[in-house]
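Me: I have a model on my screen and want to learn how to read it. Can we go through it feature by feature?

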Amino acid sequence: MARSERGPVLRGLRAVAYAALPAELVVFALLLGGVRIPGAVLGVAELVMVVLLAAEAVVWVRLRRRGLTRREALVELVPERVLRLIGHELALMASLGRWVARRPHGTAGADGVFPHARDQAALMYGFAFVCLVETVGMSWLLAGLPVAHAVVLVLDVYTVLFVLGLHAASVTRPHVLAGGRLRVRQAAHVDVDVPLERVAAVRRENRFTHGKADGELNLAVGSQTSVTLELSAPVDVVGLLGGVRRVSVVRLHADDPKALYEAVRDAVTPGRTAPSPGRDPLPTA
């Protein structure tokens, strides 16, 4: 049903959106910069946006009537990569609220919760402080240019919030053991369910260097991983932009790697937690 709608109408709407939205941003920037734009140009620009939004609303209703969910209808109208980027930004901002309220994400009914953000805290706070100093410095340098000052101030403040949001997402999204699955996460961009029946080996293994290799997922915190999972069958990992790859080795970190290792070891069949031939496990203490 969605395929028939993804014909000339949707292609035309997307083409207009790709042209109109950047043009609207250019007009907005020119207005902020004090450039006088003829009223006729502004009128045409606003008319195009109104018609575009109205047309997308009509298509939205048609897609919903054909049985698509809200998200499926939205994906038909907006490219999935754009939706994923917007969703990621919103998740970071929401994580700030969760961090302040001390409300972790996805931990209800968990058998085990394993935070993993402690070893990156100093680095993230350092980045945030540098961004804050840059904000103050740019505000002083641009004090005589009110328009430029306002634009740069908004961008700088958002950068500070973005950095803090990355850390907040890591704090509020710990690794979670529940329902026969280990939910492995990193900030708001990695979220992988690992069925425990696929865990062929679990080891405590401190690593500080991680090369890129097919079939491996390295979720380093402060350039470190401390627990390695070898899987009997690969799991799918969805990237930030929607790309999917299959991995059979997962390396991750936890503030208490011993607790994570022991929880996974005890949750799977003891006979399947032995390491691969030729690779000895590190001591658990």
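This is a predicted model: local features need pLDDT of at least 70, side-chain atom pairs count only at pLDDT 80 or more; totals for chains, interfaces and linings use all residues.

Me: Start with the inventory. How many helices and strands are there in the protein?

Reply: Eight helices and eight strands. The protein has 285 residues, and buried ones make up 34% of them.

Me: What share of the contacts joins residues 24 or more positions apart?

Reply: Take the contacts with a separation of 6 or more; residues 24 or more positions apart account for 68% of them.

Me: Now the sheet. In what order do the four strands of the open sheet stand?

Reply: Read a sheet by order, then by direction. Here the order is β1-β2-β3-β4, and the pairing is antiparallel. β1 (112-114) and β4 (190-195) are the edge strands; each has a single partner, so one side of each lacks a neighbour in the sheet. From one strand to the next, the twist averages 15 degrees.

Me: How many bridges hold each pair?

Reply: Go along the sheet. β1 and β2 (residues 175-178) are joined by three bridges. There, Phe114 stands opposite His175 of β2. β2 and β3 also have three bridges, with Val176 partnered by Arg183 in β3. β3 (residues 181-186) and β4 pair over six bridges. In that pair, Arg181 has Pro195 of β4 as its bridge partner.

Me: Which residues other than glycine have a positive phi?

Reply: Arg102 is one of them, with phi near 55 degrees. Arg102 lies in the loop between α5 (80-101) and β1. Its relative accessibility is 78%, so Arg102 counts as exposed, the cut-off being over 50%. Ser223 is another case, with phi near 65 degrees. That residue sits in the loop between β6 (216-218) and β7. Ser223 is partly exposed, at 49% relative accessible area.

Me: Next, the interior. What is the general idea behind a core?

Reply: In soluble globular proteins, nonpolar side chains tend to be buried together. In this model, the largest nonpolar core has 25 residues. Those with the most contacts inside it are Leu182, Val199, Leu229, Val250, Leu252 and Leu260.

Me: Which elements give two or more residues to this core?

Reply: They are β3, β4, β5 (199-207), β7 (225-238), β8 (244-252) and α8 (257-267). β7 gives the largest share, five residues.

Me: Let me zoom in on Val250. What is Val250 in contact with?

Reply: First set aside its neighbours within four places in sequence. Then Val250 is in contact with Val184, Leu217, Val227, Thr228, Leu229 and Leu231. Apart from this core lies another one, of six residues, including Val59, Leu63, Ala73 and Leu77.

Me: Ala73 and Leu77 are in a helix. Which residues of α4 are buried?

Reply: In α4 (residues 70-77), Ala73, Glu76 and Leu77 are buried. Look down the helix axis: the buried residues fall within an arc of 95 degrees, so they line one face of α4.

Me: Give me another helix. Is His167 buried or exposed?

Reply: His167 is found in helix α7. At 4% relative accessibility, His167 is buried, because the cut-off is under 20%. Leaving aside neighbours within four places in sequence, His167 contacts Trp99, Ala117, Gln120, Ala121, Met124 and Tyr125.

Me: And Leu153 in that helix?

Reply: Leu153 also lies in α7 (residues 146-172). It is partly exposed, at 31% relative accessible area. Leu153 touches Thr135 and Ser139, not counting residues up to four places away in sequence.

Me: How far apart are the C-alpha atoms of Leu153 and Val136?

Reply: They are separated by 8.8 Å, and the two residues are 17 apart along the chain.

Notes:
Residues are numbered from 1 along each chain as its sequence is written. Side-chain values use heavy atoms; hydrogens and water are left out. Buried means under 20% relative accessible area, exposed over 50%, partly exposed in between (1.4 Å probe, protein chains only). The arc is that of the directions from the helix axis to the C-beta atoms. Two strands pair if DSSP finds at least two bridges between them. Axes are lines fitted to C-alpha atoms, for helices over the stretch in contact, and angles run from 0 to 180 degrees between N-to-C directions. A nonpolar core is a set of buried Ala, Val, Leu, Ile, Met, Phe, Trp, Tyr and Cys residues joined through side-chain atoms within 4.5 Å. Contact means heavy atoms within 4.5 Å.
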